[in-house]
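Subject: Handover of the structure

Hello,

Here is the structure I promised to pass on. Please open it first, then read my notes below.

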Amino acid sequence: MFVCRIVVQIAAYPPPRFTWLVNGKQISQSQRFKINYEEGQITLVIFNVQPQDSGDYILKAANDLGECTWKTTLKIKRKYLEISEQPN
């Protein structure tokens, strides 16, 4: 079983509200997807990662003072894992 962990460091006060999306669809906590925010790090963990988990992962974070968006592309192939990061 493979596990993928995407970690984004955010400096924000007050702490942000945030949403993870994959290919435009919101990700909810489940047995396969865990979302955590601790000490300025927003983490998405995907358990039992599969090729169908490939896609564009977007983190949208906002508080009363502003918002930001972070995007990365996850490509899952049968034999290896490739991640490419694209700054916004």
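Two rings of Phe, Tyr or Trp count as a pair if their centres lie within 6.5 Å. For Trp, the six-membered ring is used. Please keep in mind throughout that this is a predicted model.

**Aromatic pairs**

How many aromatic pairs does a search of the whole structure find? The search gives 2.

One joins Phe18 and Tyr37. The ring centres are 5.9 Å apart and the planes stand at 45°, so this pair is tilted. Phe18 belongs to strand E2 and Tyr37 to strand E4, so the pair ties together parts that are 19 residues apart in sequence. Phe18 is partly exposed, at 26% relative accessibility. Tyr37 is partly exposed too, at 27%.

Trp20 and Trp70 also form an aromatic pair. Here the arrangement is edge-to-face, with 6.2 Å from centre to centre and 85° between the planes. Trp20 sits in strand E2 and Trp70 in strand E7, so parts 50 residues apart in sequence are tied together. Are these two residues buried or exposed? Both Trp20 and Trp70 are buried.

**The core**

The largest nonpolar core has 19 residues. Which of them have the most contacts inside it? They are Ile6, Trp20, Ile27, Leu44, Ile46, Tyr57 and Leu59. Strands E1 (3–9), E2, E4, E5, E6 and E7 each supply at least two residues of this core.

Setting aside neighbours within four places in sequence, Ile6 is in contact with Trp20, Ile42, Thr43, Leu44, Tyr57, Trp70 and Thr72. Both tryptophans of the edge-to-face pair, Trp20 and Trp70, are on that list.

**Phe33**

Next, look at Phe33, in strand E4 (residues 33–38). Phe33 has a relative accessible area of 14%. Buried means under 20%, so Phe33 counts as buried. Beyond its neighbours within four places in sequence, Phe33 is in contact with Ile27, Ser28, Leu44, Val45, Ile46 and Asp53. Phe33 and Phe47 are 14 residues apart in sequence. In space, their C-alpha atoms are 6.5 Å apart.

**Salt bridges**

The count comes to 3 salt bridges.

Arg32 forms one with Asp53, and the closest N and O atoms are 2.4 Å apart. Arg32 lies in the loop between strand E3 (25–26) and E4, while Asp53 lies in the loop between strand E5 (41–47) and E6, so the pair ties together parts that are 21 residues apart in sequence. How do the two ends compare in accessibility? Arg32 is partly exposed, with a relative accessible area of 27%. Asp53 is buried, at 6%. Asp53 is also one of the contacts of Phe33.

Asp56 and Lys71 meet through their side chains in another salt bridge, at 3.9 Å from N to O. This pair links distant parts of the chain: Asp56 is in strand E6 and Lys71 in strand E7, 15 residues apart. Asp56 is partly exposed at 29% relative accessibility. Lys71 is partly exposed at 24%.

The side chains of Arg17 and Asp64 form a salt bridge as well, at 4.0 Å from N to O. Arg17 is in strand E2 (residues 17–22), and Asp64 is in the loop between strand E6 (55–63) and strand E7 (66–76), so this pair ties together parts 47 residues apart in sequence. Arg17 and Asp64 are both exposed.

**Backbone details in the loops**

Where is the cis peptide bond with omega near 0°? It runs from Tyr13 to Pro14. Pro14 is found in the loop between E1 and E2.

Asn23 has a phi near 50°, a positive value in a residue other than glycine. Asn23 is located in the loop between E2 and E3.

Asn48 likewise has a positive phi, near 50°. Asn48 lies in the loop between E5 and E6. Asn48 is partly exposed, with a relative accessible area of 33%.

That is the handover. Over to you.

Best wishes

Definitions and conventions. Residues are numbered from 1 along each chain as its sequence is written. This is a predicted model: local features need pLDDT of at least 70, side-chain atom pairs count only at pLDDT 80 or more; totals for chains, interfaces and linings use all residues. Side-chain values use heavy atoms; hydrogens and water are left out. Helices (H or I, at least four residues) and strands (E, at least two) are DSSP runs, numbered from the N terminus. Buried means under 20% relative accessible area, exposed over 50%, partly exposed in between (1.4 Å probe, protein chains only). Contact means heavy atoms within 4.5 Å. A nonpolar core is a set of buried Ala, Val, Leu, Ile, Met, Phe, Trp, Tyr and Cys residues joined through side-chain atoms within 4.5 Å. Rings of Phe, Tyr and Trp (its six-membered ring) pair if their centres lie within 6.5 Å; planes under 30 degrees apart count as stacked, over 60 as edge-to-face and the rest as tilted.
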